[in-house]
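User: Hi! Could you walk me through a few residues and charged pairs in this model?

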Amino acid sequence: MALLLAMYQKMRLIRKVNQAQLKLTRITSKIERVVKNIKDTEKKYTSMMKMMEANAQNMKNNASIFYQNSSGLGTSSMNLQPTGSIFMTQFVANRMNEMCCSEKSPIKDKFERMYNEYMSNNGSFKYTDKDGKREFTNFTQEDVDAFNGAMQTANMQQQQAQMMVQQQSHQYASIVDTWKEAMTREIEAQQDAATAELTHEETMLQLEKTLLEEELELYKEEKQSYDKLAQEGAKDVVPKFGLG
């Protein structure tokens, strides 16, 4: 009778072990899927964050270009116009042209010739020294003074325009940074909401897995005890043929 009871309990525990192992396999598979879903969700929102940050940087860059172009400081306007070793930005050349070609300018009819000579002569006008005094070859001292004055004014205007562009770009960048901070909080909140349920599910599955592992160990230990009883019971029913 003891042997039959031990064998019955052993078979029952074998079924329990198999069932627990099957449940453990299924739960482990579920956990793996949930973990993958969490990683995919995090990857999605990480991509959204990077895209938002790139958009913010593009907004800043585009604003800077817009302000430069609107102020006449665009790339083409700031190109160097080299002749020999001298250069002048197109912005300064344009402003000088506006000033020197106006009706009030004393060099209105001479500006183009003066500009060409200045650029081709390494930033100066042709002259000769006569009795220690400089005499310009093609223009008067008054002409040169008017040209240099216009160039000085144009350079000041360029500096002012650059300062204005810098200020406008900085103000716009601050607005973009504020927007970026708000978007960062929004994306993080969306990510937290999207992963909260998955994280909770993973936690519950991990708890269930832990309980099943403990339960499985108990079944295995109990089965081992009935294995031992069955072995001992089997010895008792073996015929001894008068021995012992």
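Predicted model: local features only at pLDDT ≥ 70, side-chain atom pairs only at ≥ 80, totals over all residues.

User: Is Phe 125 buried, partly exposed or exposed, and what is its relative accessible area?

Analyst: Residues are numbered from 1 along each chain as its sequence is written, and side-chain values use heavy atoms, with hydrogens and water left out. Buried means under 20% relative accessible area, exposed over 50%, and partly exposed in between, using a 1.4 Å probe and protein chains only. Phe 125 is therefore buried, with a relative accessible area of 4%.

User: Where does Phe 125 lie, and which residues is it in contact with, leaving aside neighbours within four places in sequence?

Analyst: Helices here are DSSP runs of H or I with at least four residues, strands are runs of E with at least two, and both are numbered from the N terminus. On that basis, Phe 125 sits in the loop between α3 (111–120) and β1 (127–130). Contact means heavy atoms within 4.5 Å. With those neighbours set aside, the partners of Phe 125 are Met 114, Glu 117, Tyr 118, Phe 136, Phe 139, Val 144 and Phe 147.

User: How many salt bridges are there?

Analyst: A salt bridge is a side-chain nitrogen of Lys or Arg within 4 Å of a carboxyl oxygen of Asp or Glu. By this rule, the count is five.

User: Which residue forms a salt bridge with Asp 40?

Analyst: Asp 40 is partly exposed, at 37% relative accessibility. The closest N and O atoms are 2.9 Å apart, and the partner is Lys 36.

User: What is the relative accessible area of Asp 143, the salt-bridge partner of Lys 110?

Analyst: The side chains of Lys 110 and Asp 143 meet at 2.8 Å, N to O. Lys 110 lies in the loop between α2 (90–100) and α3 and Asp 143 in helix α4, so the pair ties together parts 33 residues apart in sequence. Lys 110 is partly exposed at 26%, whereas Asp 143 is buried, with a relative accessible area of 6%.
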